[in-house]
Amino acid sequence: MARMRYAEALREALRSEMLRDQSVVLYGEDIGIYGGVFKVTRDLQAEFGDLRVRDTPISEQAMTYMCVGAAMSGLKPVLEIMYADFLPLTLDALINQASVLPYLWPVQVPMVIRTQGGGGSGAGAQHSKSLDALVAHIPGIKVVSPVTPADAKGLLTAAIRDPNPVVFLEHKLLYNSAGEVPDGDHVVEIGKARMVREGSDVTLIANSKMVLEAEKAAEALAGRGISAEVIDLRSLRPLDTETIIASVKKTTRAVVVNEGWRFGGFGAEVAATISEQAFEYLDAPVCRIGTFDTPIPYSQPLETAVLPDAEKIVAGVLAMDGRTG
């Protein structure tokens, strides 16, 4: 085990897969000499050359179409989109090409789109979105969102080896977080959730940075005599419903935490799944915690006010029993 930052774990996965498989290529804006906006690809162009680590023009739409063609031609492209806010520019290539082509012809589209989102850094309304639900809605696309450095390496490795298109969602506030990362060939299966903390009174279901907020909330709830179980989804599609439902049957209460907008967000999908498969076990309606339905403010106090956090999660749990903070 080595202790490394989240960004370093991602870089190790990219480098290891490029060494292992000559068909793995990286595309993106400023990923070469500059090393990417968050330095995940630092030094990789110097090691592998500009044919395998290629800077691209600022056109997310063109880059994604290029990756679809490259994947159909036998390469395994990993595309870096600087900010998740620009994922809408890739949607035609994803919805009408990458996700459906394997169902129309005998082809595979093994490509990965890496991007980062989330608020909390004062990056403003056009650089802070969490568009998890937007991409998770598309059948034929896998969607992954790791929170730990170990999962960042293991899930990115799995994503690159996957024969299907994968959208890999990172969070801008996780790049400097550090943790133990297994050495060597470390692969985490896509579609398997992680039990972060066991509990008996309520299940907190979260992904990406919201897992850290759920852990803080669980600590605060423990001080009130409430035992909270925390589940890290790891991947949004496929969704590990088995782990979710087993936990809810045990605790009889569920709070779903996702940094996307609450209305029509991914939390609604999880809540509906629980209602369909574990309704008779619930002692309270499923609670959803998400970002308020507004563009993310630039002002730090206003940004803090609209984003989900541990305090809002605790309030949600207490409200399920008619209690307040």
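**View 1. Contacts across the protein chain.** Among contacts (heavy atoms within 4.5 Å) in the protein chain between residues at least 6 apart in sequence, 82% join residues at least 24 apart. This is a predicted model, in which local features need pLDDT of at least 70 and side-chain atom pairs count only at pLDDT 80 or more, whereas totals for chains, interfaces and linings use all residues. Residues are numbered from 1 along each chain as its sequence is written, and side-chain values use heavy atoms, with hydrogens and water left out.

**View 2. Overall form of the protein chain.** The protein chain holds 12 helices and 14 strands, which are DSSP runs numbered from the N terminus (helices: H or I, at least four residues; strands: E, at least two). Its C-alpha atoms fill a box of roughly 60 × 40 × 40 Å along the principal axes.

**View 3. Surface and interior.** Of the 325 residues of the protein chain, 56% count as buried, meaning under 20% relative accessible area with a 1.4 Å probe and protein chains only. The protein chain exposes about 13600 Å², of which carbon and sulfur atoms supply 54%; the accessible areas come from the Shrake-Rupley method with a 1.4 Å probe.

**View 4. Surroundings of T203.** T203 lies in strand β10, which covers residues 202–206, and this residue counts as buried because its relative accessibility is 0%. Leaving aside residues up to four places away in sequence, T203 touches E229, I231, S247, V248, T251, R253, A254 and V255.

Note on methods
Buried < 20%, exposed > 50% of the residue type's maximum accessible area, 1.4 Å probe, protein only.
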